[in-house]
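Dear colleague,

I am passing on a structure for you to look through, with some notes on what turned up in it. Please open it first and read the notes beside it.

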Amino acid sequence: MASTGQLKFDAARHLYTWHTDETIIYVPSVTQILDANGYTSPFCKSRSHADRGTDIHRLVELYNLQQLDGMLDVFQQIEFEELKLQYPIEFNQYLEFLYDFDCKVLMSERLIHGSLAFYGDLRDFYYPDWAGTFDIALLARKTGVIYQVDVKTGKQAPASAALQTAAYTISEFP
């Protein structure tokens, strides 16, 4: 499906925007939509939990980049080593997950956007209804099945995770 604009992400402000020749519009993230509709726990909003989640996501992303590209630049390598020291248990859990399910990383941390307009005749006037960042696509070697994985860092994945990944499933990559 072709789109007529470009999705951009400002990580510092966690802000997605859609750019066309005529305009720039704000696009809510999937998690912001879920939050606005009461699906996100207040526990998930504490700064310390958010920072921990961001760090672990980055650790997993750097590992995946290393697997996909074969190497990291010197700054990424330093950051990766520091994060492995800070989160050794979580890192080993991720490695065990990949090993136990015999998975190969296909992609990591990709922007996505979606709209119900893809299912109608409005493609010439496309603006996304939501945006997000797809964490990981994995290939299970034994079965050949490709899985979409969203990294969660709490004791239990929130109920909203199913809705979040469902939205990602019907989205497209820019």
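A nonpolar core, as the term is used here, is a set of buried Ala, Val, Leu, Ile, Met, Phe, Trp, Tyr and Cys residues joined through side-chain atoms within 4.5 Å, where buried means under 20% relative accessible area with a 1.4 Å probe, protein chains only. Please bear in mind that this is a predicted model, in which local features need pLDDT of at least 70 and side-chain atom pairs count only at pLDDT 80 or more, while totals for chains, interfaces and linings use all residues. Residues are numbered from 1 along each chain as its sequence is written, and side-chain values use heavy atoms, with hydrogens and water left out.

The protein has 5 helices and 6 strands, taken as DSSP runs (H or I, at least four residues, for helices; E, at least two, for strands) numbered from the N terminus, and their order along the sequence is β-β-β-α-α-α-α-β-β-β-α. Of its 174 residues, 33% count as buried.

The largest nonpolar core has 19 residues, and F80, Y94, I136 and L138 have the most contacts inside it. Two or more residues of this core come from each of α2 (47-69), α3 (74-86), α4 (88-100), β4 (103-114) and β5 (130-140), with α2 giving the most, 6 residues. Leaving aside neighbours within four places in sequence, Y94 is in contact (heavy atoms within 4.5 Å) with V60, Y63, N64, V105 and I136.

With best wishes

Notes
Buried < 20%, exposed > 50% of the residue type's maximum accessible area, 1.4 Å probe, protein only.
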